[in-house]
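Here are my notes on the model. Please read them with the structure open.

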Amino acid sequence: MVNATDEKIEQISKDAIDCIEEVAKKAEEALLHHRRAGAGVLATVHTLNHFAPVNSIGAISDAERLALDRLRAQPVVARVEYTSSDGKAEVIFVTRGTPIAVPGFRIASYNSRLGKIAAIAAGETYDPDDFVVESSTKLFPKEDREGWDSPDTEIHLDGAGKFTVASLRALLAPQITSREEDDPFAALDAGEREKLVSVGIRRAVLSHIALRDRPILDQQQDEIFRLPLNVRCFLSGPPGTGKTTTLIRRLGQKTAVDDPEALDAREQSLIRQAEEDTGGPPHRTSWIMFSPTELLRQYVKEAFAREGFPATDYHIRTWNDYRREIARDYLRLLRTGTGSGPFIERASDDYLDLESTTADPAGWFDDFDEYLSASLHSEIIDDLEAITRSNNEQLAHLARKLTPIVGEREAIRRGTISPKIANVREEIKALLEQGRTEIGKIINRTVNRVVLNDTHFLSALKKQLEAEAEHSEEAHEEADDDTELDDEETDAPIARTVSRAQARSRYERAIIALARARARRSSVPPKSKNGQLLAWLGAERVPDAEQLNQLAIISDEQRSLGRFTSIDRHVLRSIPRLYKKFRSERNEQGKWYRAAPAKSMDISWRELDVVILATLRVASRVLAGYRRNPSATAPESGILGDIRSLYRNQILVDEMTDFSVVQLSCMYELTHPLVKSFFICGDINQRLTPWGVRSNEQLDWVEPQIERRSITVAYRQSAKLVALAMDVALLGGSKIQDIELPDRVDNDGVSPVWATCLNDHDSIANWLSLRIREIERMVGKVPTIAVLVNEENIVEPLANSLNTHLQEINLSAVACKDGKIVGNNRDIRIFNIEHIKGLEFEAVFFIGLDQTIEKFPDLNTKYLYVGATRAANYLGVTFTAGIPEEVRTLAKHFDDSWSS
C-alpha cells in the first residue's frame, strides 16, 4: 500500500529527474552554439593605448562558456516547494551557478537572493518574501550510460521528516512485470524497492581525498557566505563544521560576475571603484587565498574548480612562498641576481630571542614601528634644517614653505606629506637640476685634467668597472658608507660592456662618497664598491680638497632636496636601513635579540615578516594621503606602483591559527583599501605552530573591525569522536566549543581504538593491517585512510613495513613525503602530522602518541586534537610503551579493536 509520503517522494523524484534532464539538454544545446566573443562585437575598436575592453569581452565570453559547462555537468542541486505569501503553491529549482531558462521550470542561482531558499529547512519561513517552505530536496546529479540520476538524494518534508533516496532513477523504475511474477526468485527482490528510501539523512563514507562537496550550505553557513563583499570576518568553529567550504562558497558568490543576481548594487560599485583606483586584474581573478601548508593548498584546489572559477597556483598560496616573492620582486627587500636588495634571507634565526618574539610578535612590531616613525621624522627634520641653513637663498625660501608640511611627526603616520609636497615639487626639481649642473662641472673638470695626464684613463676605468661587475656577488655586501646605504635608487647593473652613462655614474658616486666622508672626517669602507673603486683611482685621479668640499656641500643639499621631491620613495627605501639600526640597538639593550646576525644583510623569515608589514603599512598610509588629496596623483610606477599592483579585492585565509598576527596583518594589508574584503577561518584549538594565533582577542591587533562569526554543526565526525575531541581540548586548557551534530540517523559511530608497546615498524604495521581489514569488512570497501607520524624520517620506513603486511589483501601503503598527496584513493597514505591541517579521512591512525607528547611538550594536545579530528568515523592510536599519564583520562573513550 503506497501512502501519502511515498507518493510525495515519488512526485518530487520524477519532477527532479525531469528538470535535471531538461536543464542538461538546454545547456548542451547552448554550448554547441556558443562562440567566443572578441573585438568584433565592438562598434569601434581602439586598442593603441588600452586592451581592457577587448580582454573584458573575451573574459565575459569565457565565463559564459564555463558556466554552461558547469550547468551541463551538474544541472540543478536543489528543489524547493513553498507556499507564497498569497497562499499559492510554487516550486523552484536551484542551480549551483548561473542558470538557464527552461520552459516549465522556475530556476534560480544559489548565489542569488532567491537562491537562499534552498538552505532553509522545511516548515520554516523565507523571510524576505514571507515564503513557507513545504519541502526541500538536495540533489546530487550524475550521468552514466543509463542516463541521469541523483544518488543519496536528501528530501525533507514538512510534517513527515527527512528521507534519503538511494537512487531516484531506481525509485522511478517500472514495477515487476507479470511475466516476472512467475519467477520463483523474483521474491528476493520484493523488499529492494523499500530499501531505496530510508528514514533520515545518512552520512556518506569518504572514498577519496577531497573536501566534501556541499552545493547547498546549511542556514548558519548560508548567512555567513552572503555577508557583504567589504566585510572583514573571522569564521570560527570546531573541526568538520564546513569553515573552508563556507569560505570557498563565499568566494564563488563574490566573484560570480557572470551571474547578474549574485552581487548587489553596493558591491558592484565597490568593484568599479577598486578597478578605477589601481587598474588591477578584473574582479573575478582579483583574489588570493593563503594556506599554511602545501598539502592543504593542493587539497582545496579541486573544491575551487567545482565552483567554476580559476584556482591557479597564483591564487592559492602558502605564505612562505608568497613572502619571498613579494619581498624580492615587489618590495625590493631581498637581494637579486643583479646584486641589488638590502637583505639575504637565511634559515638561521638563533640570534633572535625566540621566546619573546614568538610570545609577543605584535609587541615586537609595534616597537619597530614606533622606532621607524621617530627615526624618519628626525631625518626629515634634519634635512629641513640642512637646507634652512644653506647660503642659497632659494633653498632657504623653499625650506620655509616645507616647514608646516613636515613639521608634525604624525604627518608621517598619516601619510599626508607626499600629496602636500606636490604643490612645490616643480620648485624642488628646478633646484635639483641646478645642483646637478654644478656637480657635473666639477666632475668634468676633474676627468678632463686626469685625461690630459693619462689618455688611457677612460678605457682603463671601463675595464675596471667591467671587472667589478664580474665580481659583483662578492665583498660589497657589508658596505656601510652612506652612499651604499642611501635611499636613492641604486645603479642599474653593469653589463659586460660598460656604457658611457654607467661609467660616469659610477665615477661620480665614488667621488661623492669620498667628498662626504672627508667632510665628516671619516673614510669610505674599503670593501664597499665605492671603496674599491677609490682605491684603484688613487689620490691623483680625484678632485682636489676644495672641490671635494664643494661637492660635499652640494651633494648634501641635493640629497636632502631629493628626499623631499620623492619623499614616499625615501621613506619606503629607508625601512631596511632603519631596521638594521633598530636590530643593532635593541640587541645592545638585550630586547628581542640575543646576538647580532653573522652579517648585517642576513635576515630570518620572522624578521622579514616584520619588515614586509612595515613596508605595506607605510605604503598604505602614503596612498591613503593621495586619495584624500584630489589634486595629487599617486605614482603608478616605482615601489608604490608595485605595491598598488599587489592589492586584491578579496583576501582569504584558511587555518589562520597557524599564522602569526604579523603574517595575518601582512595579508590584511594586501586587501584593496577601497574594498577591505578579508575573510579568515580557523579553530584556536587546532594551532600547530608556536607563533600562531593563540586567542580570538589577538585579532583586534590585526584589525579592530573584524567581525566574529561561528558555526557549530560538525558534519565530519561521529558522536563518539566529537566527545573524544572535546575532552582532548580540555586537556590542553581550551574552552569547550559549542558543537552540534547534524540531524542524521548514523551519528553515533564506533569507539576509537588504541594499542600499547608497539615500538618498531613491523609491530606497528601488523596492528595497522589488522585494523584496516576490520574497516573494510565493516564498510564493505576501502575508504580513505591516513596514518600520521610525528617525524618525516618515519614516513617511508613505515610505508615499506606496512606494504609487507598489506600484500595479502592487495592494498598498498604510500609514503607521502613532505606532505605530497600521491597514489590512488585506495592506497593507505602515510603523512607527517604537521602537513595534514584541514584534511579529512574516513579513518586515521595516530602513531607513537607518547613520543609526540615527549617531543612537543607545549603542543602535544594540539597535535592529538588535530590528528583525532581528521577522522570521520575510525580512529586508532598507538604508543611505543605504556599510556602516558597525560592522556590516561581519555581511556573511557577507547576500545582495543573494533571487533570487540
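Which residues is Phe290 in contact with, leaving aside its neighbours within four places in sequence?

1. Basis. This is a predicted model: local features need pLDDT of at least 70, side-chain atom pairs count only at pLDDT 80 or more, and totals for chains, interfaces and linings use all residues. Residues are numbered from 1 along each chain as its sequence is written, and side-chain values use heavy atoms, with hydrogens and water left out.

2. Phe290. Its contacts (heavy atoms within 4.5 Å) are Arg317, Thr318, Trp319, Tyr322, Ile651, Leu652, Val653, Asp654, Phe659, Met667 and Leu670.

3. Cores. A nonpolar core is a set of buried Ala, Val, Leu, Ile, Met, Phe, Trp, Tyr and Cys residues joined through side-chain atoms within 4.5 Å. Buried means under 20% relative accessible area, exposed over 50% (1.4 Å probe, protein chains only). The largest core has 83 residues, and Phe290 and Phe564 have the most contacts inside it. Helix 22 (residues 605-628) gives the largest share, 12 residues. A second, separate core has 57 residues, among them Phe831 and Val887.

4. Helix 8, buried side. Helices are DSSP runs (H or I, at least four residues), numbered from the N terminus. Helix 8 covers residues 265-278. Glu267, Leu270, Ile271, Ala274 and Asp277 are buried there.

5. Helix 8, other side and end. Ala265 and Glu276 are exposed on the face turned away from the buried side. Just after the helix, Gly279 takes a positive phi of about 60°.

How values were computed: Helix = DSSP H or I, 4+ residues; strand = E, 2+ residues; numbered from the N terminus. Expected span 1.5 Å × (residues − 1).
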